[in-house]
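I opened the notebook to look up a few points in this model. The entries follow in the order I took them.

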Amino acid sequence: MKCNVAILYMHDYLDDELPAVQTAELKTHLQSCEACKLRFEQLKRTEAFAMSALSDTSTLPIAAGAATHEAGSDRLSERIMGALPTPSRKRSWTRMFRNHPAITVAAVFVLLMMTSFFSMWGQDTELVVSGTDLQHVVIEGDTVIVPEGVQVNGNLTVENGKADIQGEVAGDLIVIDGSTQLASTAKIIGQNREINQALDWLWYKVTQTVSGFAN
Amino acid sequence: MISIEARLARMALKGDQQAFAEIVGLYQDKLYHMAYRMLGNRQEAEDVVQDTFLRVHKNLERYDQSMKFSTWIYRIATNLSIDRLRKRRPGYSLDAESSEHEGLDGYSMLPSDDRTPESEALLSETQRTVHQAMATLPPKYKSVMVLRYLHELSLQEVGEVLDMPVTTVKTRLHRGRDFLRKKLERVL
């Protein structure tokens with residue numbers, strides 16, 4: 001056997017991977033070759049030293065500020081758990097905003113619109129009468145009266161008050177946040193609407209704006 | 001049969017922090033020991049352990065259950081350790097005498113918390129020589145030897161962790177062993 005083959009066998013032997021036949025061959029060679037015998041002894045010791053040096057826990061330094069290995073590893077696990085990102089549930093909630101900026105902007109916009117709209121709706125309690133022909137309309141307190149025999153040409157809108165109709169309204173009668181009282185002689189050519197709900201009011205405002213644009 | 005780690009990983013994925021803490025408990029000491037043997041520095045070893053778990057946590061959903069959990073976590077820790085070793089000043093050797101500090105070798109310049117009088121006294125002259133020789137092992141040999149001797153992995157398993165064929169593992173192990181033998185010739 002040549003020495004270079006013997007060296008390969010030595011390593012395989014130390015890896016526990018040398019078959020019995022080859023092990024016997026190696027032993028025969030070592031008996032006759034001093035250089036290989038020395039090398040094999042050195043390799044076996046290197047192996048033992050390396051193994052004990054690597055696996056010996058007594059030479060492991062203890063974490064800073066801790067008295068024992070146990071305390072040191074507790075400290076390290078605390079540090080690890082503390083460094084983890086916050087639980088995914090919380091993260092996904094904020095992630096939704098980050099991933100959909102357009103929807104977020106739209107939602108904020110709608111929210112602002114709604115708040116200003118609702119505050120507007122609740123605010124004014126003054127009586128407002130509007131229409132194209134208000135000459136013959138009589139106002140008593142918060143009541144808007146269209147006397148008998150009188151004709152109002154066009155629409156009549158009453159906000160925050162009562163409408164008492166005894167005569168004739170040629171257009172629409174719209175009452176917002178109030179009530180309507182119709183006498184037997186009353187005649188409304190157009191629509192008669194009462195708006196008390198915020199959403200109705202919104203719809204009314206929107207259609208009014210749109211028809212305003214159309215005109 | 002699904003391993004306990006795989007089960008814990010699945011729970012941790014659903015946001016169970018306690019399950020992840022269990023995984024940390026199972027592997028933390030092994031990883032610390034391994035990283036310390038690779039780097040020879042307590043602070044860096046702790047950083048590698050923390051980085052390993054952060055990476056595991058981040059990639060839990062990508063954990064492939066056909067691979068052993070230990071193989072996966074050792075692979076991450078080994079790669080992080082090798083990265084750190086490579087980032088150190090190129091050609092920097094602990095054995096090289098520093099020109100600025102006459103007569104001092106790299107060992108005397110190691111962070112002092114790793115060189116307490118107690119730990120010095122615990123080490124025999126031979127052990128110290130062995131540790132010094134270990135510190136000079138090139139990273140590719142060192143990772144193979146650490147996995148093989150510290151975790152008692154088979155050559156096959158070492159190959160899986162390092163993602164290389166068994167023949168390469170063997171070659172590196174043999175070269176590393178020979179490297180150490182030459183370094184230690186004086187005390188053998």
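Is A:Asp177 buried, partly exposed or exposed? The model is predicted, so I read every value as computed from it. A:Asp177 has a relative accessible area of 29%.

I looked up where A:Asp177 sits. I found A:Asp177 in the loop between β8 (173-176) and β9 (179-182) of chain A. I then checked its backbone. A:Asp177 is not a glycine, yet its phi is positive, at about 50°.

I noted A:Asp16 as well. A:Asp16 also has a positive phi, about 65°, and is not a glycine. I placed A:Asp16 in the loop between α1 and α2 (20-32) of chain A. Its relative accessibility is 69%, over the 50% cut-off, so A:Asp16 counts as exposed.

Next, chain A as a whole. I counted seven helices and eleven strands in chain A. Chain A has 215 residues, and 29% of them are buried. I looked at contacts between residues at least 6 apart in sequence; in chain A, 24% of these join residues at least 24 apart. The accessible surface of chain A is about 13500 Å². Carbon and sulfur atoms hold 58% of that surface.

Then the surface patch. I found a nonpolar patch made of A:Phe109, A:Val110, A:Met113, A:Met114 and A:Phe118. Together these residues have about 480 Å² of accessible area. I picked out A:Val110, which is in helix α6 (residues 101-123) of chain A.

Last, the interface. Chain A and chain B bury about 3900 Å² between them. Of this buried area, 62% is on carbon and sulfur atoms. Chain A brings 36 residues to the contact and chain B brings 45 residues.

I asked how many salt bridges cross the interface of chain A and chain B. The rule finds six. I looked up one pair, A:Arg79 with B:Asp47. Their closest N and O atoms are 2.6 Å apart. I also noted 19 residue pairs in polar contact across the interface of chain A and chain B.

Which helices of chain A supply at least two residues each to the side that touches chain B? I listed α1 (3-14), α3 (34-55) and α4 (69-83). The largest share of that side, twelve residues, comes from α3(A).

Conventions. Residues are numbered from 1 along each chain as its sequence is written. Chains are lettered from A and ligands numbered from 1 in the order in which they are written. This is a predicted model: local features need pLDDT of at least 70, side-chain atom pairs count only at pLDDT 80 or more; totals for chains, interfaces and linings use all residues. Side-chain values use heavy atoms; hydrogens and water are left out. Helices (H or I, at least four residues) and strands (E, at least two) are DSSP runs, numbered from the N terminus. Buried means under 20% relative accessible area, exposed over 50%, partly exposed in between (1.4 Å probe, protein chains only). Contact means heavy atoms within 4.5 Å. Accessible areas come from the Shrake-Rupley method with a 1.4 Å probe; for residues, only the protein chains shown count as cover. Patches are made of residues with over 30% relative accessible area and no salt bridge: like charges are joined within 9 Å, nonpolar side chains (Val, Leu, Ile, Met, Phe, Trp, Tyr) within 5 Å. A salt bridge is a side-chain nitrogen of Lys or Arg within 4 Å of a carboxyl oxygen of Asp or Glu. Buried area is the accessible area (1.4 Å probe) that two parts lose on being put together, summed over both. A polar contact is a pair of N or O atoms within 3.5 Å; within protein, one must be able to donate a hydrogen and the other to accept it, and residues adjacent in sequence count only if both atoms are side-chain atoms.
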